[in-house]
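Hi,

Here is the structure I promised to pass on. Have a look at it first, and then read on for what turned up.

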Amino acid sequence: MNFLAAALLAVCALAPSVHCDTHDVNWCYHQSSCNDSTWPVATPLYCGGTRQSPINIISTSAKPNSNLTPFTFKRFRSTSTLKSIKNTGSTVKVTFGSGVRVSGGDLSEPYDCIQFHLHWGNGSSVPGSEHTVDAKRYPMELHIVCIKSFYKEDIAHALTDSTGLAVLGFFIEEMSGHTTGQPASWRSLTSYLTKVKNGGDSVAMAPGISLDDLLVRVDRTKYYRYLGSLTTPTCNEAVVWTVFKDSIKVSKDLIDLFSTTLHFSDTTSPFMTNVYRSIQPALEVTTQPASRSSSSSTCYSLGLMVLSFALGVKSK
């Protein structure tokens with residue numbers, strides 16, 4: 001596949017407003033005869049590269065980087081940001097209105113966010129996150145896709161830049177206890193799934209849910225960073241990855257809806273399950289240095305223990 005075809009396929013994957021014909025490129029996730037091990041053959045320009053995603057993040061190997069400061073999020077509080085939801089035939093994708101932006105966090109410049117999509121396995125009992133941490137795979141993973149503002153949402157050009165895209169990755173795991181239908185933001189989001197059961201189905205979303213609502217109780221100051229790729233063909237190595245350490249907690253019944261409602265094509269096709277890429281070779285990962293306050297507190301506590309022990313010995 002030449003570069004133009006590769007760029008076109010990547011644009012098709014990311015921008016639902018672009019008309020695309022990609023029938024000459026077939027890719028699947030985990031079928032016996034068609035799976036992600038065949039991607040480097042089907043789309044050889046990038047999928048067989050040396051900077052591929054997702055990866056297993058080894059927490060103890062992440063190098064400290066003091067430049068990984070907090071982000072600034074624009075329009076993440078807006079309840080009118082989420083405009084439409086679509087079953088793409090390989091995931092479910094929510095498209096944003098204009099003005100959603102992320103900056104800071106050692107990004108080279110602001111990035112305009114255009115959509116999020118999700119990856120999952122087969123219900124809460126069969127995990128399907130793309131990234132893993134210390135070999136742990138979470139039930140689901142949410143990806144917010146953002147384009148360097150310089151490119152004014154021109155995806156084709158952004159894909160020629162090794163840092164043209166910034167993707168924010170959030171793990172999703174089952175909420176503790178026997179809670180159902182929680183949190184309310186995810187109950188609202190999953191209520192749309194029955195309207196996009198078939199591949200290609202799309203529907204407008206009513207105002208009422210914000211990105212902040214969906215990222216409820218996630219500490220967005222703690223994250224991992226590495227340079228990688230798109231996780232679907234054409235696997236362009238153009239992504240600054242941010243994978244947050246805190247997970248989004250969602251009740252089991254809502255997680256299960258993704259793998260029991262959506263179909264790859266029409267309702268006679270299988271349910272959409274196991275839509276995640278296998279782990280790729282390790283890449284260098286960085287994270288925030290351990291806080292000095294924590295270290296100081298630990299040293300202070302140890303000092304008190306030593307002093308108490310010494311006083312006890314002396315009193316004897």
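Two strands count as paired here if DSSP finds at least two bridges between them, and the helices (H or I, at least four residues) and strands (E, at least two) are DSSP runs numbered from the N terminus. Within that pair, cysteine 113 has cysteine 146 in β10 as its bridge partner.

Before I go further, some housekeeping. This is a predicted model, with local features needing pLDDT of at least 70 and side-chain atom pairs counted only at pLDDT 80 or more, while totals for chains, interfaces and linings use all residues. Residues are numbered from 1 along each chain as its sequence is written, and side-chain values use heavy atoms, with hydrogens and water left out.

Back to β7, which has other partners too. Strand β5 (residues 92–96) is antiparallel to β7, with three bridges between them; there, valine 94 has phenylalanine 116 of β7 as its bridge partner. Strand β6 (residues 101–104) also pairs with β7 in the antiparallel sense, over two bridges, and valine 102 sits opposite tyrosine 111 in β7. β6 and β7 make a hairpin with six residues between them, and glycine 105 in the turn has a positive phi of about 60 degrees.

How enclosed is β7? Since 10 of its 10 residues are buried, β7 is largely enclosed by the rest of the structure. Buried means under 20% relative accessible area, exposed means over 50%, and partly exposed is in between (1.4 Å probe, protein chains only).

That ties in with the packing. A nonpolar core here is a set of buried Ala, Val, Leu, Ile, Met, Phe, Trp, Tyr and Cys residues joined through side-chain atoms within 4.5 Å. The largest one has 51 residues, of which Phe116, Leu118, Ile144 and Trp186 touch the most other members. Strand β7 (residues 111–120) gives the most to this core, with five residues. Leaving aside residues up to four places away in sequence, leucine 118 touches Thr91, Val92, Met140, Glu141, Leu142, Ile172, Trp186 and Phe258 (contact being heavy atoms within 4.5 Å). Apart from this core lies another, of 23 residues, including Ile55, Ala62, Tyr151 and Tyr224.

There is also an open sheet of three strands, ordered β1-β8-β9 with mixed pairing. β1 (56–57) and β9 are at its edges with a single partner strand each, so one side of each lacks a neighbour in the sheet. β1 runs parallel to strand β8 (residues 132–133), joined by two bridges, and isoleucine 57 stands opposite valine 133 in β8.

Now the charges. With a salt bridge taken as a side-chain nitrogen of Lys or Arg within 4 Å of a carboxyl oxygen of Asp or Glu, the count comes to eight. One of them joins lysine 136 and glutamate 173 (3.5 Å, N to O). That pair links distant parts of the chain, 37 residues apart: lysine 136 is in strand β9 (residues 136–137) and glutamate 173 in strand β11 (residues 165–174). Lysine 136 counts as partly exposed because its relative accessibility is 39%, whereas glutamate 173, at 19%, counts as buried.

Lysine 148 forms a salt bridge with aspartate 161, the closest N and O atoms being 2.9 Å apart, and both residues are buried.

Cheers
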